[in-house]
Amino acid sequence: MTRCLDCGSERATDQCPSCGLTSAAAELMFRRRLVFRTAIFLLGSLAFPYVSQIYPPLDIDLMLIFFGLIFFAVLFLAVILERRARNRQEIEILKRIYSGFIPLPWILAATLFVNGRLDDARNIVYYPTVVEGRFNMKGIVRGSRRLLVRSWRPGQHFERLAVDVDDFDRFHDGDFVEVAVEPGALGIPWYYGVYRR
């Protein structure tokens, strides 16, 4: 007894009794949906880094590493699903796991957006610190610029703050600065800006 690649119901013959598709038609429909769902995931994968630059949480590096692992796991899972569907093997469990990952970048992007957008500007706290270093990774579209400052949080040595081109060029090693941090509407602290002390 195998399952239909399209609807997932059990079938004993080549034609599914639930959806009426043959194995070849069910494979084609599944592969079309796989491409569509992967496109939705990739669009969300573009939205998440964009929102994380607008309202950057203090632990942005950990979030980006976590998201990168999920990104590659989903793409690897999509390749496995496509190969198994082409060979008409059982895919139902993998299909459900894959479908669960599709909205994840949209959820993460929406969480960061709501956290920063609904935060009250009166809650800004300024922390004095010193710039310890700078990091500039050039990218095709935008790149990544970070200021490394001494951390004010217990248990942390440095904070890596995502900055724009102006702030990156304005601050240098040894500069005394104040980092404006907001607590976040959802409790995720994010950094508002860097200013001269």
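Q: Which residue forms a salt bridge with Glu159, and how far apart are the closest N and O atoms?
A: A salt bridge is a side-chain nitrogen of Lys or Arg within 4 Å of a carboxyl oxygen of Asp or Glu. Side chains of opposite charge can pair when their charged atoms come close. Here Glu159 pairs with Arg153, with the closest N and O atoms 2.8 Å apart. Note that this is a predicted model, where local features need pLDDT of at least 70, side-chain atom pairs count only at pLDDT 80 or more, and totals for chains, interfaces and linings use all residues. Residues are numbered from 1 along each chain as its sequence is written, and side-chain values use heavy atoms, with hydrogens and water left out.

Q: Is Glu159 buried or exposed?
A: Buried means under 20% relative accessible area, exposed means over 50%, and partly exposed lies in between (1.4 Å probe, protein chains only). Glu159 is buried, at 2% relative accessibility.

Q: Which other residue forms a salt bridge with Arg153?
A: Asp59 does, with the closest N and O atoms 3.0 Å apart. Helices (H or I, at least four residues) and strands (E, at least two) are DSSP runs, numbered from the N terminus. Asp59 sits in the loop between H1 and H2, and Arg153 in the loop between strand S4 (144–150) and strand S5 (158–162), so the pair ties together parts that are 94 residues apart in sequence. Asp59 is partly exposed, with a relative accessible area of 32%.

Q: How many salt bridges are there by this rule?
A: The count comes to 14. One of them joins the side chains of Glu27 and Arg88 (3.2 Å, N to O). That pair links distant parts of the chain: Glu27 is in helix H1, while Arg88 is in the loop between helix H2 (60–86) and helix H3 (92–101), 61 residues apart. Glu27 is buried, at 9% relative accessible area. Arg88 is partly exposed, at 44%.

Q: Which residues are linked with Glu27 and Arg88 in a network of salt bridges?
A: Arg31, Glu82 and Arg86 are linked with them.

Q: Which residues have the most contacts inside the largest nonpolar core?
A: A nonpolar core is a set of buried Ala, Val, Leu, Ile, Met, Phe, Trp, Tyr and Cys residues joined through side-chain atoms within 4.5 Å. The largest has 16 residues, and Leu5, Phe30, Leu34, Val74, Leu81, Ile91 and Tyr98 have the most contacts inside it. H1 and H2 are the elements that give two or more residues to this core. H2 gives the most, with six. Apart from it lies another core, of 14 residues, among them Leu58, Leu147, Val149 and Val177.

Q: What is Tyr98 in contact with, leaving aside its neighbours within four places in sequence?
A: Contact means heavy atoms within 4.5 Å. The partners of Tyr98 are Leu34, Arg37, Thr38, Val74, Leu77, Ala78 and Leu81.

Q: How many disulfides does a search of the whole structure find?
A: A disulfide is a covalent bond between the sulfur atoms of two cysteines. The cut-off is a pair of cysteine sulfur atoms within 2.5 Å. The search finds zero. The sulfur of Cys16 is 3.6 Å from the closest cysteine sulfur, in Cys7, which is too far for a bond. Cys16 is buried, with a relative accessible area of 3%. Cys19 is partly exposed, at 30%.
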